[in-house]
Amino acid sequence: MLKLLWLIPTLPLLSSLVLMLGAGRHSKTLVASCGVGSVGLAALITLSIAAGFNADDSHRQLLWHWFSVAGLSTDFALYLDGLSLVMLMVVTGIGFLIHLYAAGYMYDDPDYARFFACMNLFLAAMLILILADNLVLLYLGWEAVGLCSYLLIGFWYQDPANGMAARKAFVITRVGDAALIIGLFLLYAELGSLDIATLMSAANERWPNGSTTATVAALLLLGGAVGKSAQLPLQSWLPDAMAGPTPVSALIHAATMVTAGVYLIARCHPLFMLSSVAMTTVAVVGLLTLLLSGCSALVQTDIKRILAYSTISQIGYMFLALGVGAWSAAIFHLVTHAFFKALLFLCAGSVILALQHRQEITEMGGLGRRMPFIFGCFLIGCACLAALPFTSGYFSKEPILAQAWAQSPLLWFGGALGALITALYSFRLIFVVFFGELTTEPKPLQRPGWVALKMPSALALLALLALFGGALELPLATVLPGIEAHPPLLIAALNTLIPILGVLACYSLYRLNPELLVRLKQLPGSAALRQFWQQGWGFDRLYDRLLRHPVLWLARVNRNDVADRLSQGIVALSRLSHQLLVEVQSGQVRWYAGIMTCGIVLLIGLGVFI
């Protein structure tokens, strides 16, 4: 089955091309079959490979020689080991379920074919990124993922706000991409290769622990990871990315794009382990991100923005795990997060459709009685997100907190505080949206029978994965360093109890004693603090003042600078030449004959004297 590895990214890519070339002429049944079926086949091939894969093995599949330039020889080759196999299963498996749901969710959209063309291209780009044998091919997939995110976030481009959100995501992630490409230049200049295995081996041989060059290279790669994974200080694009259709949000947050940064650091872990500065920076970035975004999630009123900030926070946990050396725990949390975050987004999509595209939770309430299946799935997702005992989220988050304690009690305290905040905003959603009085009557979704079955089927499978995904054993033992921390009994007990305390506190505020919540909101400075958190801690305003406004001012001041005058001179010269040619076209035969005679004499003269 390993010979079929090349088909995994190829099938979604081919289906994307077929749907693009079809230009919307295919029937919706054919579009759904092509879009969903190709991803389903890729998932089946992945499962077949996984069934016969030995965790100690690795496999390289050379497709063709790509290019040779100035000593850099690069192949278009795919590489499979335990880490890339885990990522493949997440992307194809969760991607298939999201596609299955999207076939029903987007059924009424006139651009049905364009949607699946972009979604499949997005998946193909992510699969190339994961399977890349070298950093050049990885960078190709990295940039293609950024392009596809622009196309999908701005899918409903008729609304200018959606176009603005897509441009914001594209521009901010380009900042991180610039750091990444500089990091690749540095690695090639110092080590002479961009093949990942060769590069990591050479880094260990040539750079000692604490090497300044290794630190700079690792921090540059971290810059790329921070941009794609929406971590501080490049996190502000992700909440606005909710402008895209809900299945797009699920795909970006659960199976693609934001997990790319985590994968990059894990794949290059030998380089990061050479620098304690880089490792500490990764941990601190993750910790600050999970706390700041958790606070923002507490005060949001848009259901999708709450989930967006929760994604930023959970990716922060993964970065914290990477920074403290809990490599396998970071990837395990990535896997379980994909299960429950896809479930939460797709449940949110069902709520939004039922309420005629309302997204404000203040317009929701009492939906548990009207939508019991969605309520049950959403409750499972929130329990996993809050890391309640015996859920997949608990089994993946507990090792992160245990290793954080082993590294630094301060890091553990920040992670534990983040767990408390996560439980608060998760069950705030449950109590506001599904409990209380019915605010808006949900409308039954009208879909053909074969389409209507796909949405609950995808949700049911994701709910099962979210509940029992913590029992999975990932083939990472030979790929990533194994670190098993055993914190004191008190710390282990607190890791379990803190999420439960958060749920109980949320229940007290929103169900038992809502008057206390009202009084808290009336405290001096409470409104200003809520607004500050709701605006994402003012990062957009800060970037406007530090970067955007100065650049615009400089452009206005230099409106007629030397470069403009040069271009204006070229325009003036073109106009003058055009005017002279116009004068030549007089319409008089004698004038044309005279010009021809002069031309002939000039040519004869050139022939004689030159």
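**Entry 1, ground rules.** I worked on a predicted model, in which local features need pLDDT of at least 70 and side-chain atom pairs count only at pLDDT 80 or more, while totals for chains, interfaces and linings use all residues. Residues are numbered from 1 along each chain as its sequence is written, and side-chain values use heavy atoms, with hydrogens and water left out.

I took helices as DSSP runs (H or I, at least four residues), numbered from the N terminus. I looked up helix 4 (residues 112–131) and helix 5 (residues 135–153), and found that they pack at an angle of about 155° with their axes 8 Å apart; the axes are lines fitted to C-alpha atoms over the stretch in contact, and angles run from 0 to 180 degrees between N-to-C directions. That angle makes helix 4 roughly antiparallel to helix 5, a label given to angles over 145 degrees. I noted a left-handed crossing of helix 4 past helix 5, meaning that the near helix is turned anticlockwise from the far one by less than a right angle. The residues of helix 4 that meet helix 5 include Phe115, Phe122 and Leu129, and those on the side of helix 5 include Trp142, Val145 and Leu152, where contact means heavy atoms within 4.5 Å. I read the make-up of this contact as 17 nonpolar, 2 polar and no charged residues, with Ala, Val, Leu, Ile, Met, Phe, Trp, Tyr, Cys and Pro counted as nonpolar, Asp, Glu, Lys and Arg as charged, and the others, Gly among them, as polar.

For helix 13 (residues 276–299) and helix 14 (residues 303–323), I found axes that come within 7 Å and cross at roughly 160°. Helix 13 is therefore roughly antiparallel to helix 14, and I recorded their crossing as left-handed. Among the residues in contact are Met279, Val282 and Gly286 in helix 13, and Tyr309, Gly316 and Phe319 in helix 14. This contact divides into 13 nonpolar, 8 polar and no charged residues.

Leaving aside neighbours within four places in sequence, I listed the contacts of Phe272, including Leu221, Ile265, Met279, Val282 and Trp327.

Outside four places in sequence, His337 is in contact with His253, Thr311, Gln314, Met318 and Ala342. I also noted that His337 and Gly393, 56 residues apart in sequence, lie 7.0 Å apart in space, C-alpha to C-alpha.

I found Gly192 in the loop between helix 6 (160–191) and helix 7 (196–206), and at 49% relative accessibility Gly192 counts as partly exposed.

Definitions and conventions. Helices (H or I, at least four residues) and strands (E, at least two) are DSSP runs, numbered from the N terminus. Angles under 35 degrees count as roughly parallel, over 145 as roughly antiparallel, 65 to 115 as roughly perpendicular and the rest as oblique. Buried means under 20% relative accessible area, exposed over 50%, partly exposed in between (1.4 Å probe, protein chains only).
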